[in-house]
Amino acid sequence: MSKLTLLESEERARALRERLNTYGHAYYVLDAPMVSDQEYDKLYHELVAIETEYPELIIQESPTQRVGG
């Protein structure tokens, strides 16, 4: 992935958080996975990379800020 600007990273992080939260709800609450574990992990790690690059984008509702499973 090419390096994103702060603005692009902010938008991508928002989109990733929405998708991951939707996928997490479907998996853990509805017991109806929407994507494979590999796809979820790929998106999750992309979000971690963005938040590592731009820590100011970390928000409390981010899947990366949850403890436990």
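The model is predicted: local features need pLDDT of at least 70, side-chain atom pairs count only at pLDDT 80 or more, and totals for chains, interfaces and linings use all residues. Residues are numbered from 1 along each chain as its sequence is written, and side-chain values use heavy atoms, with hydrogens and water left out.

**View 1. Glu11, Arg14 and Glu18 are linked in a network of salt bridges.** A salt bridge is a side-chain nitrogen of Lys or Arg within 4 Å of a carboxyl oxygen of Asp or Glu. The structure holds five salt bridges. Arg14 and Glu11 are three residues apart in helix H1, about one turn of the helix; helices (H or I, at least four residues) and strands (E, at least two) are DSSP runs, numbered from the N terminus. Arg14 and Glu18 are four residues apart in helix H1, so about one helical turn separates them. Relative accessible area is 35% for Arg14, 45% for Glu11 and 47% for Glu18. Each value falls under partly exposed, the class between buried (under 20% relative accessible area) and exposed (over 50%), with a 1.4 Å probe and protein chains only.

**View 2. A salt bridge joins the side chains of Arg17 and Glu51.** The N to O distance is 4.0 Å. Arg17 lies in helix H1 and Glu51 in helix H2, so the pair ties together parts that are 34 residues apart in sequence. Arg17 is buried, at 11% relative accessible area, and Glu51 is buried at 5%. Side chains of opposite charge can pair when their charged atoms come close.

**View 3. Glu51 also makes a polar contact with Ser62, side chain to side chain, at 2.8 Å.** A polar contact is a pair of N or O atoms within 3.5 Å; within protein, one must be able to donate a hydrogen and the other to accept it, and residues adjacent in sequence count only if both atoms are side-chain atoms. Beyond four places in sequence, Glu51 touches Arg17, Leu57, Ile58, Ser62, Thr64 and Gln65, where contact means heavy atoms within 4.5 Å. Ile58 lies in the segment after H2 and is partly exposed, at 34%. Leaving aside neighbours within four places in sequence, Ile58 is in contact with Glu51 and Gln65. Ile58 and Arg17 are 41 residues apart in sequence and 10 Å apart in space, C-alpha to C-alpha.

**View 4. The largest nonpolar core has nine residues.** They are Ala13, Leu16, Leu20, Tyr23, Leu43, Leu47, Ile50, Tyr54 and Leu57. H1 and H2 each supply at least two residues of this core, and H1 gives the most, with four. A nonpolar core is a set of buried Ala, Val, Leu, Ile, Met, Phe, Trp, Tyr and Cys residues joined through side-chain atoms within 4.5 Å. Not counting residues up to four places away in sequence, Ile50 touches Ser9, Arg12, Ala13, Leu16 and Leu57. In soluble globular proteins, nonpolar side chains tend to be buried together.
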